[in-house]
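Me: I would like to learn how to read aromatic pairs in a model. Could you walk me through it with the one shown here?

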Amino acid sequence: MNAILQVQPLPEDRRFDLVIATNIFLYYDAWEQALARASLAAMIRPEGFLISNTPLPAAAPSGLVDSVRTDIPLRPGLTDHVYCYRRQAAQPSHASHN
């Protein structure tokens, strides 16, 4: 699937707890990264996570919130960054009672 051009809506019980996408998004421009963030969010359960080593812009609504950036030293003078995004919890619906 192309996470930029396609959205794969999954039933709630088939969504992922964790999606790890490293060394992928650096090949896309900022708008494509934002679209991929939104597409992947549709496949992650509420309170689930997306982990990437590329920061993803929030230009398109996704329901993912920035959570943590972690720096990982690989060798002297070289550090990788890991970004963790959390999908917001589902908002309870407020049905009106008449």
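**Reading a ring pair in its setting**

Me: What should I know about the model before I start?

Reply: Keep in mind that it is a predicted model. The protein has 1 helix and 4 strands, and from the N terminus on they follow the order β-α-β-β-β. Along the principal axes, its C-alpha atoms fill a box of roughly 65 × 25 × 25 Å.

Me: By what is a pair of aromatic rings described?

Reply: In general, the distance of the centres and the angle of the planes describe such a pair. In this structure the count comes to 1 aromatic pair. Phenylalanine 25 and tyrosine 28 have ring centres 6.3 Å apart and planes at 50°. Planes under 30 degrees apart would count as stacked and over 60 as edge-to-face, so this pair, at 50°, is tilted.

Me: What percentage of the residues in the protein is buried?

Reply: Of its 98 residues, 30% are buried. The accessible surface comes to about 6,600 Å², and carbon and sulfur atoms account for 55% of that surface.

How values were computed
Residues are numbered from 1 along each chain as its sequence is written. This is a predicted model: local features need pLDDT of at least 70, side-chain atom pairs count only at pLDDT 80 or more; totals for chains, interfaces and linings use all residues. Side-chain values use heavy atoms; hydrogens and water are left out. Rings of Phe, Tyr and Trp (its six-membered ring) pair if their centres lie within 6.5 Å; planes under 30 degrees apart count as stacked, over 60 as edge-to-face and the rest as tilted. Helices (H or I, at least four residues) and strands (E, at least two) are DSSP runs, numbered from the N terminus. Buried means under 20% relative accessible area, exposed over 50%, partly exposed in between (1.4 Å probe, protein chains only). Accessible areas come from the Shrake-Rupley method with a 1.4 Å probe; for residues, only the protein chains shown count as cover.
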